[in-house]
Amino acid sequence: MSEPAILCQKVTKRYGSKCAVNELDLALDPGRVIGILGPNGAGKSTLFRLLVGLVRPDRGTVRVLGQSPGWRTNGQIAYLPDRARWYPDHTVDQAFRWGETFLPGFDRGMAERLANFMKLDLSLRAGGMSRGQEARLMLILCIARHVPLIILDEPFSGIDVISRGQIIEALIDHLSESESTVLMSTHEIREAERLFDVAVFLDEGRVILSGETDDLRRKHGSMQALMQTLYR
């Protein structure tokens, strides 16, 4: 049996009086696309920050790709934080050149194919982009990499419906050929649920339900319906 890509054992993280992650137990298999779902404040972003080593747990153990998060795992993880932005005076082409220089595993050819699919011109400057175009650029910089773990925190936040559709179609096509483990949080469940092999529902920093999405749909209907039931 393969080692989990992600393993959290009794992990707690507090910010002052607020407990963002509370005695969290989680084991996720490699090579799956996993939805980390829940309302605002459920602990999703804090979990991602723990996995990439931006914050440390107050208690418990976090293992990522068999290691403690830190400099050893940095080159193996592609992380797209919520509200990520790019330098306004740089073009898409310059962003891709930066990616070739600084991002381990960055594939320029893959990035250009994704940009073409998402209708993102290489000469376009970030300062002149719509919110949807900039979101596509940031997503491409994250997923056009040959790394074992990709973490996407609300990649569709503030994006118009048309752009969301283009991004999701590109992700479906791209991830079907990828061997990476992918963790994604999103509030756009209705559109994004077909991406997920596995869904993990968080509330108040704990897992309240998890399982294969096909099994959850058979039992509960759509992920959207299940979300409404769990968090009403």
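## Close-up views of a predicted model

**View 1. Thr-46 in helix H1.** Thr-46 sits in helix H1 (residues 44–51). Helices (H or I, at least four residues) and strands (E, at least two) are DSSP runs, numbered from the N terminus. The model is predicted: local features need pLDDT of at least 70, side-chain atom pairs count only at pLDDT 80 or more, and totals for chains, interfaces and linings use all residues. Residues are numbered from 1 along each chain as its sequence is written, and side-chain values use heavy atoms, with hydrogens and water left out. Thr-46 is buried, at a relative accessible area of 7%. Buried means under 20% relative accessible area, exposed over 50%, and partly exposed in between (1.4 Å probe, protein chains only). Neighbours within four places in sequence aside, Thr-46 is in contact with Lys-13, Tyr-15, Ala-20, Val-21 and Val-55. Contact means heavy atoms within 4.5 Å. H1 is mostly covered, with six of its eight residues buried. Besides Thr-46, the buried residues of H1 include Lys-44, Leu-47 and Phe-48. Gly-53 follows H1 and has a positive phi, near 80 degrees.

**View 2. Gln-76 in a loop.** Gln-76 belongs to the loop between helix H2 (71–74) and strand E5 (77–80). Gln-76 is partly exposed, with a relative accessible area of 26%. Neighbours within four places in sequence aside, its contacts are Leu-65, Gln-67, Val-147, Pro-148 and Leu-149. Glu-177 is 101 residues from Gln-76 along the chain, and their C-alpha atoms are separated by 18 Å.

**View 3. Packing of H3 and H4.** Helix H3 (residues 92–102) packs on H4 at an angle of about 150 degrees, with the axes 10 Å apart. Axes are lines fitted to C-alpha atoms, for helices over the stretch in contact, and angles run from 0 to 180 degrees between N-to-C directions. H3 and H4 are therefore roughly antiparallel to each other. Angles under 35 degrees count as roughly parallel, over 145 as roughly antiparallel, 65 to 115 as roughly perpendicular and the rest as oblique. The crossing of H3 and H4 is right-handed. From H3, the contact takes in Asp-93, Phe-96, Arg-97 and Glu-100; from H4, Arg-108, Ala-111, Glu-112 and Ala-115. These residues divide into three nonpolar, no polar and five charged. Ala, Val, Leu, Ile, Met, Phe, Trp, Tyr, Cys and Pro count as nonpolar, Asp, Glu, Lys and Arg as charged, and the others, Gly among them, as polar.

View 4. Most residues other than glycine have a negative phi. Lys-119, not a glycine, has a positive phi of about 60 degrees. The loop between helix H4 (108–117) and helix H5 (131–143) holds Lys-119. Lys-119 is exposed, at 61% relative accessibility. Glu-154 also has a positive phi, near 50 degrees. Glu-154 lies in the loop between strand E6 (149–153) and helix H6 (161–175). At 11% relative accessibility, Glu-154 is buried.

**View 5. Crossing of H8 and H9.** The axes of helix H8 (residues 213–220) and helix H9 (residues 223–230) come within 9 Å and cross at roughly 70 degrees. H8 and H9 are therefore roughly perpendicular to each other. Thr-213, Leu-216, Arg-217 and His-220 of H8 make the contact with Met-223, Ala-225 and Leu-226 of H9. Four of these residues are nonpolar, two polar and one charged.

How values were computed:
Left-handed = near helix turned anticlockwise from the far one by under 90°.
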